[in-house]
Amino acid sequence: MSNQAAQDGVCCPPLAERRVPAEAAAVLAPAFKALGDPVRLQLMSMIASAETGEICVCDLTPAFDLTGPTISHHLRTLREAGLVDAERRGTWVYYRARPAILRQLAALLTVAPAT
């Protein structure tokens, strides 16, 4: 499975229904790993829940007691994992969640309701 396939929402059934193919696991694992850090999980939440669909790094940094370079490192990790897109506008960088990969992660973790 290519990274583009993962980003386009082509994946696999929930892991509670069927074994995740090795290729799919290799593509999705970096996204899960990136979200395994509390700061990155909070950043992802802030980005994904932004009212306008995107958020400026200038609005993210003050929410943490961390240096700018540390926040930049975490944001780069989210970008490299395919979870967010970034666009530079002058001095600032704006981040947007990538809904397709988030849907894949959610679908993979879907569990049927107890009967």
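The structure is a predicted model, in which local features need pLDDT of at least 70 and side-chain atom pairs count only at pLDDT 80 or more, while totals for chains, interfaces and linings use all residues. Residues are numbered from 1 along each chain as its sequence is written, and side-chain values use heavy atoms, with hydrogens and water left out.

The protein contains six helices and three strands; here helices (H or I, at least four residues) and strands (E, at least two) are DSSP runs numbered from the N terminus. Read from the N terminus on, the elements follow the order α-α-α-β-α-α-β-β-α. Of the 115 residues, 34% count as buried, where buried means under 20% relative accessible area, exposed means over 50%, and partly exposed lies in between (1.4 Å probe, protein chains only).

Two helix pairs are worth a look on the model. Helix H3 (residues 38-48) packs against helix H5 (residues 68-80) at an angle of about 70°, and their axes are 10 Å apart. H3 is therefore roughly perpendicular to H5. For these values, axes are lines fitted to C-alpha atoms, for helices over the stretch in contact, and angles run from 0 to 180 degrees between N-to-C directions. Angles under 35 degrees count as roughly parallel, over 145 as roughly antiparallel, 65 to 115 as roughly perpendicular and the rest as oblique. On the H3 side, the contact is made by Val39, Arg40, Leu43, Met44 and Ile47, and on the H5 side by His73, His74, Leu75, Thr77 and Leu78. Sorted by class, this contact has six nonpolar, three polar and one charged residues; Ala, Val, Leu, Ile, Met, Phe, Trp, Tyr, Cys and Pro count as nonpolar, Asp, Glu, Lys and Arg as charged, and the others, Gly among them, as polar.

Histidine 74, located in helix H5, is buried at a relative accessible area of 8%. Apart from neighbours within four places in sequence, histidine 74 is in contact with Asp37, Val39, Arg40 and Leu43.

The second pair consists of H2 and helix H6 (residues 99-108), which pack at an angle of about 90° with axes 11 Å apart. These two helices are therefore also roughly perpendicular to each other. H2 contributes Leu28, Ala31, Phe32 and Leu35 to the contact, and H6 contributes Ile101, Gln104, Leu105 and Leu108. By class, the H2-H6 contact has seven nonpolar, one polar and no charged residues. Helix H2 (residues 22-35) also holds proline 30, which is partly exposed at a relative accessible area of 38%. The C-alpha atoms of proline 30 and leucine 83 are 9.6 Å apart, although 53 residues separate the two along the chain.

The strands form an open sheet of three, in the order S1-S3-S2 and with antiparallel pairing. Strand S1 (55-56) and S2 are at the edges with a single partner strand each, so one side of each has no neighbour in the sheet. Strands S2 (residues 84-89) and S3 (residues 92-97) pair in the antiparallel sense over six bridges, two strands being counted as paired if DSSP finds at least two bridges between them. Across this pairing, glutamate 87 stands opposite tyrosine 94, and arginine 89 opposite tryptophan 92. The S2-S3 hairpin has two residues between its strands, and glycine 90 takes a positive phi near 65° there.

The cysteines complete the picture. Cysteine 56 is buried, with a relative accessible area of 2%, whereas cysteine 58 is partly exposed at 29%. A search of the whole structure finds zero disulfides, a disulfide being a pair of cysteine sulfur atoms within 2.5 Å.

How values were computed. Contact means heavy atoms within 4.5 Å.
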